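Here's a quick briefing to read with the model open. Take a look at the sequence and the fold before going on.

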Amino acid sequence: EIAIAVDPDWRRVGLGRRLLKILGEAAATRGIRRLVAAYSVENHDVEGLLRSCGLPFRTLATHGVVEVRLELPPIGSTNLAVQPPA
């Protein structure tokens, strides 16, 4: 279980995206193939963050909670491609 928390004064500058990239790269090098996250269906910031990582993913929403499964690239492939903010 992880959480990415950024001080409000530092939001929207790419820190969350960078932390997610580092986490994904560290997981992939350790043989982890998938990250699973759960968040409130109303949390559009988290949804945007997860979409910005450029990885294939699936979601399932039940009872106001979204579960997302991000598929990590195999070791030796290109790094996670974190998209710049829109």
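Buried means under 20% relative accessible area, exposed over 50%, and partly exposed in between (1.4 Å probe, protein chains only).

A note on the source: this is a predicted model, where local features need pLDDT of at least 70, side-chain atom pairs count only at pLDDT 80 or more, and totals for chains, interfaces and linings use all residues. Residues are numbered from 1 along each chain as its sequence is written, and side-chain values use heavy atoms, leaving out hydrogens and water.

**Strands** (DSSP runs of E, at least two residues, numbered from the N terminus)
- β1 (34–40) runs antiparallel to β3, joined by 7 bridges; two strands pair if DSSP finds at least two bridges between them.
- Ala38 sits opposite Glu67 in β3.
- Strand β2 (residues 57–62) is also antiparallel to β3, with 6 bridges, and Ala61 has Val66 as its bridge partner.
- β2 and β3 make a hairpin with 2 residues between them, and His63 in the turn has a positive phi of about 50°.

**Arg33**
- You'll find Arg33 in the loop between α1 and β1, and with 41% relative accessibility it counts as partly exposed.
- Arg33 and Leu70 are 37 residues apart in sequence, yet 8.5 Å apart in space, C-alpha to C-alpha.
- Not counting residues up to four places away in sequence, Arg33 touches several residues, including Ala28, Leu70 and Ile75 (contact means heavy atoms within 4.5 Å).

Note on methods. Helices (H or I, at least four residues) and strands (E, at least two) are DSSP runs, numbered from the N terminus.
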